[in-house]
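Visitor: I'd like to learn how to read a fold like this one, feature by feature. Could you walk me through it?

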Amino acid sequence: MMARTHIKLATISWFIILGLVISFYRFTSNMSLNIRELFWSLAALFIARQFSILADIDSPYSRIGRKYYIKSLSPHRGPTHSALSIIILALISLPLCYFSTWLWGGVVIGHVSHIIGDLFTNKGVVLGYPWSKARVCPYSWSGTGSEYEGQVSNALSIAIIALTAVSLYLII
Ligand SMILES: [Zn+2]
């Protein structure tokens with residue numbers, strides 16, 4: 001999956017989490033996000049978008065890999081695309097909760113959305129690494145950079161515009 005599709009997928013994932021958090025607040029205390037939390041949630045969106053491409057640091061041809069390729073993390077879609085990588089990244093970034101849980105959430109949302117996105121491409125991901133080398137692919141819709149991915153990417157753009165409009169409407 002291409003970097004821009006991953007970034008859009010992370011944005012949609014962030015909207016879903018934001019919606020769930022707001023619903024939880026309304027349901028439990030009939031309150032909404034205050035300005036401070038709104039700020040942190042937007043910071044989380046920024047972080048989620050950055051971390052949505054981190055996993056591809058294992059490929060010299062990816063957007064992030066062209067700058068920061070780490071050969072020891074190869075092969076592509078190996079260790080950095082595993083369930084273990086989610087746990088490790090979630091633990092390493094845990095200190096961010098000192099400032100706001102949203103920041104930690106941004107890291108996790110970005111990385112998890114990347115792995116979910118790649119799960120549904122024809123190569124799949126080695127989810128159980130290092131215990132299992134099997135490539136997991138519940139449903140293969142396309143390969144990276146295919147015409148179909150372009151269509152999915154466009155659909156995600158439309159969804160992001162719609163969700164932004166609805167969010168602004170609800171805030172104002
Ligand atoms: Zn990837």
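This is a predicted model: local features need pLDDT of at least 70, side-chain atom pairs count only at pLDDT 80 or more; totals for chains, interfaces and linings use all residues.

Visitor: Fine. How many helices and strands does the secondary structure come to?

Guide: Six helices and zero strands. Reading from the N terminus, the order of elements is α-α-α-α-α-α.

Visitor: And how does the radius of gyration compare with the globule rule for 172 residues?

Guide: The radius of gyration is 17 Å, close to the 16 Å that the rule gives for 172 residues, so the protein is as compact as a globular protein of that length. Along the principal axes, the C-alpha atoms fill a box of roughly 45 × 35 × 30 Å. As for burial, 30% of the 172 residues count as buried.

Visitor: Among contacts between residues at least 6 apart in sequence, what share joins residues at least 24 apart?

Guide: That share is 60%.

Visitor: Let's turn to packing. What describes two packed helices?

Guide: The general idea is that a packed pair is described by the angle between the axes and the distance between them. Take α2, residues 35–51, and α5, residues 101–119: their axes come within 7 Å and cross at roughly 30 degrees. Angles under 35 degrees count as roughly parallel, and α2 and α5 are therefore roughly parallel to each other. The crossing of this pair is right-handed.

Visitor: Which residues of α2 and α5 make that contact?

Guide: From α2, the list includes Trp40, Ala44, Ile47, Ala48 and Phe51. From α5, among them are Trp102, Leu103, Gly106, Val107 and Ile109. By class, the contact of α2 with α5 has eleven nonpolar, six polar and one charged residues.

Visitor: At what angle do α1 and α5 pack?

Guide: At about 125 degrees, with the axes of α1 and α5 9 Å apart. That makes α1 oblique to α5. The crossing of α1 and α5 is right-handed. On the α1 side you'll find Thr5, His6, Leu9, Ala10, Ser13, Trp14 and Ile17, and they face Gly105, Ile109, Gly110, Ser113, His114 and Gly117 of α5.

Visitor: How do the residues of the contact of α1 with α5 divide by class?

Guide: Into five nonpolar, eight polar and no charged. If you color that contact by residue class, those are the counts to look for.

Visitor: What about α1 and α6: is their crossing left-handed or right-handed?

Guide: Left-handed. Helix α1 covers residues 3–29 and α6 covers residues 147–171; their axes come within 9 Å and cross at roughly 35 degrees. Here Arg4, Thr5, Lys8, Leu9, Thr11, Ile12 and Phe15 of α1 meet a set in α6 that includes Glu149, Val152, Leu156, Ile160 and Leu163. The class count for α1 with α6 is eight nonpolar, four polar and three charged residues.

Visitor: Now the loops. Which residues does the cis peptide bond with omega near 5 degrees join?

Guide: Ser74 and Pro75. Pro75 is in the loop between α3 (65–68) and α4 (83–92). Another cis peptide bond joins Tyr129 and Pro130, with omega about 0 degrees. Pro130 is found in the loop between α5 and α6.

Visitor: What is the phi of Arg77?

Guide: It is near 65 degrees, a positive value in a residue other than glycine. Arg77 lies in the loop between α3 and α4.

Visitor: And does Arg77 count as buried or exposed?

Guide: The idea is to count C-beta neighbours: a residue is buried with 20 or more within 10 Å, and exposed with 12 or fewer. Arg77 has 23 C-beta neighbours inside 10 Å, so Arg77 counts as buried.

Visitor: How far apart in space are Thr28 and Arg135?

Guide: They are 41 Å apart, C-alpha to C-alpha, and 107 residues apart in sequence. For Ile158 and Gly106, the separation is 22 Å in space, C-alpha to C-alpha, and 52 residues in sequence.

Methods:
Residues are numbered from 1 along each chain as its sequence is written. Axes are lines fitted to C-alpha atoms, for helices over the stretch in contact, and angles run from 0 to 180 degrees between N-to-C directions. Helices (H or I, at least four residues) and strands (E, at least two) are DSSP runs, numbered from the N terminus. Angles under 35 degrees count as roughly parallel, over 145 as roughly antiparallel, 65 to 115 as roughly perpendicular and the rest as oblique. A crossing is left-handed if the near helix is turned anticlockwise from the far one by less than a right angle, and right-handed if clockwise. Two residues are in contact if their C-beta atoms, placed from the backbone, lie within 7 Å. Ala, Val, Leu, Ile, Met, Phe, Trp, Tyr, Cys and Pro count as nonpolar, Asp, Glu, Lys and Arg as charged, and the others, Gly among them, as polar. The radius of gyration is taken over C-alpha atoms; the globule rule is 2.2 Å times the number of residues to the power 0.38.
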